[in-house]
Amino acid sequence: MNHTNVQAVPNTAFDVQKIRQDFPILHQQVHGKPLAYLDNAASAQRPQCVIDAVCRYETHDHANVHRGVHTLSERATQAYENAREKVRSYINAASVSECVYVRGTTEAINLVANAWGQNNVKAGDEILISWMEHHSNIVPWQMLCARTGAKLVVAPITPRGEIDMEKFAALLSDRTRLVAVGHISNALGTVNPIRDIIALAHDRDIPVLIDGAQAMPHTRVDVQDLDVDFYAFSGHKMFAPTGIGVLYAKTRYLERMPPYQGGGEMILAVNFERSVYNELPYKFEAGTPNIAGAVGLGAAIDYLGALDFAALLEHEQHLLDYATEQLSSLSGIRLIGTARKKASVVSFVLENIHAHDLGTIVDSDGVAIRTGHHCAMPVMDYFEVPATARASFAFYNTVDEIDALTNALKKAQRMFA
Ligand code: PLP
């Protein structure tokens with residue numbers, strides 16, 4: 001990646017100003033300044049078509065799904081299941097029964113840790129993760145280890161913020177029951193070599209769970225091509241509402257997993273002696289689901305699917321290069337996470353200014369960034385910082401917004417000089 005003289009105007013067919021018209025929330029002032037929303041890794045914004053789809057559903061079609069014979073229930077069921085087919089097609093799952101609706105990545109990983117972990121992990125076994133995982137991909141495995149006597153093994157990272165692949169490979173053993181790693185790190189932006197990770201694990205017949213929370217807005221994922229066993233993601237990171245996400249899992253795993261939660265929807269028959277569980281994927285969807293969320297997710301997938309993804313990626317790469325160059329020119333800055341392959345996330349610390357103070361100061365200029373440990377405390381420990389400031393870009397961001405961030409940071413430096 002060449003960081004010198006990155007042009008403010010990218011040579012791309014991507015019309016960012018036109019795209020921005022699709023996102024009503026972006027067009028507002030915060031503290032009297034134009035909003036620069038650079039907190040997309042925490043949650044991305046919704047295009048009008050997603051807002052409209054949810055509104056249309058709530059206004060015209062809402063009823064509970066699957067159980068009713070009346071027209072609204074049939075419409076709601078159709079909308080909910082149509083969205084599942086959109087998910088299937090978008091990630092190229094072999095069947096809709098492999099796409100389980102959940103609240104988000106966190107719930108997806110907890111589902112696997114509980115339902116799969118229950119019958120497949122025992123004392124002395126190991127779960128292999130990496131040092132750069134989000135807490136969602138650490139704590140559920142820790143809890144599983146505490147329940148079973150298994151051990152959590154952590155593959156180290158390098159000073160650039162990449163998984164040390166030699167050490168990772170050396171940590172795979174006959175005791176490893178599962179590998180669970182993030183596709184893209186939320187704290188560092190690192191794009192992990194998940195193809196290599198999956199191949200190495202599969203050489204030893206070890207299944208792999210990929211935390212795809214940060215990858216879905218920046219990559220096109222084909223679960224069959226990746227040959228991944230479990231892939232978890234959240235709607236709200238990919239321009240859909242909060243409270244909806246998906247666990248993709250291969251049928252052969254889902255079939256052998258007991259239900260995660262019991263209740264309505266997940267059964268075919270119940271008496272006081274026993275219950276007969278529903279077919280896939282409903283066995284894992286106890287209770288009334290987030291129907292409007294699923295509708296919104298389907299609309300977000302339609303929206304993403306219609307974008308020129310190659311041009312989008314070129315635009316995001318340009319934003320990353322430009323931001324890296326602009327921020328690197330500030331005195332006393334330390335970039336945290338300089339992997340060779342990165343998504344559009346820039347984490348940094350500024351000498352003598354706590355990240356939280358930075359967050360507040362740049363907010364007064366309308367610039368929204370995230371500050372803190374980003375739910376990745378081990379990453380903070382590794383880099384020996386209490387917190388970082390993080391600017392994370394979506395395809396609707398502009399170089400002007402990066403300039404607003406850089407100027408706001410300079411202002412903060414003047415205040416603390
Ligand atoms: N994994 C990663 C890499 C994330 O960035 C996040 C959210 O920031 C999560 C998991 C958890 O996602 P959610 O809070 O939507 O369940």
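Across the interface of domain 1 and domain 2 the rule finds one salt bridge, a salt bridge being a side-chain nitrogen of Lys or Arg within 4 Å of a carboxyl oxygen of Asp or Glu. Glu162 forms a salt bridge with Arg340, with the closest N and O atoms 2.5 Å apart. This is a predicted model, in which local features need pLDDT of at least 70 and side-chain atom pairs count only at pLDDT 80 or more, while totals for chains, interfaces and linings use all residues. Residues are numbered from 1 along each chain as its sequence is written, and side-chain values use heavy atoms, with hydrogens and water left out.

The domain assignment, whose bounds come from an automatic or database source, gives domain 1 (16-47 + 308-415) and domain 2 (62-305), and their C-alpha centres lie 28 Å apart. In contact terms (heavy atoms within 4.5 Å), 39 residues of domain 1 meet 33 residues of domain 2. The area buried between the two domains, that is, the accessible area (1.4 Å probe) lost on putting them together, summed over both, is about 3000 Å², of which carbon and sulfur atoms give 58%.

The largest nonpolar core has 84 residues, and Val179, Tyr231, Phe395 and Tyr396 have the most contacts inside it; such a core is a set of buried Ala, Val, Leu, Ile, Met, Phe, Trp, Tyr and Cys residues joined through side-chain atoms within 4.5 Å, where buried means under 20% relative accessible area (1.4 Å probe, protein chains only). Domain 1 and domain 2 both give residues to this core, so it lies between them. Leaving aside neighbours within four places in sequence, Phe395 is in contact with residues including Phe14, Phe239, Tyr303 and His315.

Technical notes: Buried means under 20% relative accessible area, exposed over 50%, partly exposed in between (1.4 Å probe, protein chains only).
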